[in-house]
Amino acid sequence: MKTLTEFIIEEQAAFPNASGDLTRLLNDIGIAAKFVNREINRAGLTNIMGYNDEVNVQGEAQKKLDVYANEQFIGALRSGGECCAIASEENEKIIAFENEKSQSGKYVVAIDPLDGSSNIESNVSIGTVFSVYKRISKSGKGTTTDLLQKGTDLIAAGYIIYGSSTMLVYTTGRGVNGFTLDPSVGLFIRSHPNMKYPDSGTIYSINESNYIYFPDAIQKYIQYCHFDDPTTNRPYITRYIGSMVADFHRNLIKGGIFLYPGTIKNPSGKLRLLYECNPMAYIAEQAGGKASHGFGRVLEIEPKDIHQRSPFFAGPTFMVEKIEEFMQKYSPDFGKK
Ligand code: AHM
Ligand code: MG
C-alpha cells in the first residue's frame with residue numbers, strides 16, 4: 001500500500017537535483033482536494049449549494065462550491081510557497097502572490113478548481129483540473145507570461161474526480177498514477193498504478209445536441225460511430241456526462257474518446273486550453289493515447305490568453321487519429337482564418 005505523499009516523494013527522489021518543491025506543491029493540491037471533497041459531500045446538508053450572485057469571466061453563473069474550491073486551492077498554494085502565481089477559471093487575471101516566500105516560488109499553476117459545476121445539484125461527478133509549469137521570470141511576482149506556456153513545457157498535471165469515490169490522477173511525465181481517497185483515514189492510496197488506455201475502445205463522448213453546428217467532419221465522424229461494422233466494434237457506445245473529468249476518466253479506464261469540437265458558432269469550442277485541455281492532454285499522452293485540436297497536438301498550441309479555448313479530442317491513439325483523418329478530409333479549413 002502506498003499513499004499519495006509517499007509516492008510523490010519516491011518519484012521525485014529519482015531526480016537527483018530535485019529540491020522537494022514540486023513534491024510539496026503536489027501535496028498541497030492533495031490536501032486542498034480533501035477539503036473540497038468534504039464540502040462537496042455535505043453540500044446538500046450545509047446549504048452551500050446553489051448560485052452565488054457573481055458571474056465569472058466567461059459570463060457563467062458561479063456556484064458557491066466553485067468559489068469555495070477556488071479559495072481552497074489558492075490558499076493551499078499561497079501558504080505552500082512553491083508557486084508564485086495562479087491562473088484560475090474563476091479569476092479574470094492571474095493571481096500573483098504578494099508574500100515573500102511565494103515570490104521565490106519556482107512554479108506557476110493553472111487550475112479549474114471545480115469543473116462540471118453545473119452538475120453539482122444533480123449529484124453527478126465533478127472534478128478539479130490542474131497544470132504545473134516552471135516560471136519563466138527569475139524572481140518577484142509571477143507574471144501572465146509565466147503562465148502562457150505550451151503544454152509541452154508542463155512539469156506536472158492532474159485531475160481530481162469527486163465521484164462515487166474520490167480519486168486524484170496525476171503525471172509528472174513518468175506515466176499516470178491514480179490514488180483513491182480512503183475517507184475513513186483521509187489518505188489518498190495508490191489504487192491505479194501506471195494507467196494506460198486499453199488497446200481497444202468503443203465509447204465516444206460528445207454533446208450531440210450541437211450536431212447541426214458541427215463541421216462536416218464531426219457530423220461524418222458521428223455517423224461513422226453509428227455505423228454497423230463488427231470488424232471495428234461499431235456501432236460505438238455513446239456516454240456523455242457533461243462533466244469533462246468524469247467523461248475523460250471513464251474513457252481512460254474503459255477505452256473511449258472524449259470530444260469537444262469547435263462549432264460554427266464557436267469555432268474554438270468551449271474548453272479552456274490552459275487548465276482544461278492541456279492537463280488532460282498531458283495525461284492522455286502519458287497514458288499511451290493522444291490529444292488533438294483536430295489538426296495536431298493540443299500540447300503544441302502556443303497560448304496567447306490565459307482563458308483561451310480550443311477544440312479538444314482525447315483518447316486512445318487510433319480513435320484520435322480517426323478524428324484527425326476526418327478533419328483533414330472533410331473540414332480541412334475549419335477554424336482556420
Ligand atoms: P465548466 O468549466 O463551466 O464546468 O464547463 C466545462 C464543462 C466540462 O466539464 C464539460 O465537458 C463541458 O463543460 C460540457 O459542456 P456542454 O454542456 O456544452 O456539453
Ligand atoms: Mg471548467
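This is a predicted model: local features need pLDDT of at least 70, side-chain atom pairs count only at pLDDT 80 or more; totals for chains, interfaces and linings use all residues.
Now step back into helix 8 itself, which covers residues 244-254. Of its 11 residues, 9 are buried, so the helix is largely enclosed by the rest of the structure. Among those buried residues you'll find Met 244, Val 245, Phe 248 and Leu 252, but also Asp 247, His 249 and Arg 250.

Next, the metal. Which residues coordinate the magnesium ion, ligand 2? They are Glu 89, Asp 112, Asp 115 and Glu 276, with distances of 1.9 to 2.5 Å. Written along the chain, the donors follow the spacing E-x22-D-x2-D-x160-E. Take Glu 89 and Asp 115: the glutamate lies in the loop between strand 3 and strand 4, and the aspartate is in strand 5, so this pair ties together parts that are 26 residues apart in sequence. And are those two buried or exposed? Both Glu 89 and Asp 115 are buried.

Okay, zooming out. The protein chain has 10 helices and 15 strands. Its radius of gyration is 19 Å, close to the 20 Å from the globule rule for 337 residues, so the chain is as compact as a globular protein of that length. The C-alpha trace spans about 60 × 45 × 45 Å along its principal axes, and 56% of the residues count as buried.

One more on how the chain folds back on itself. If you take contacts between residues at least 6 apart in sequence, 65% of them join residues at least 24 apart.

Last, charges: there are 35 positive and 38 negative ones, and their mean positions are 2 Å apart.

Key:
Residues are numbered from 1 along each chain as its sequence is written. Chains are lettered from A and ligands numbered from 1 in the order in which they are written. Side-chain values use heavy atoms; hydrogens and water are left out. Donors are N, O and S atoms within 2.8 Å of the metal (3.2 Å for Na, K and Ca); water is not among the atoms, so sites may look incomplete. Helices (H or I, at least four residues) and strands (E, at least two) are DSSP runs, numbered from the N terminus. Buried means under 20% relative accessible area, exposed over 50%, partly exposed in between (1.4 Å probe, protein chains only). The radius of gyration is taken over C-alpha atoms; the globule rule is 2.2 Å times the number of residues to the power 0.38. Contact means heavy atoms within 4.5 Å. Lys and Arg count as positive and Asp and Glu as negative; His and the chain ends are not counted. The place of a charge is taken as NZ of Lys, CZ of Arg, CG of Asp or CD of Glu.
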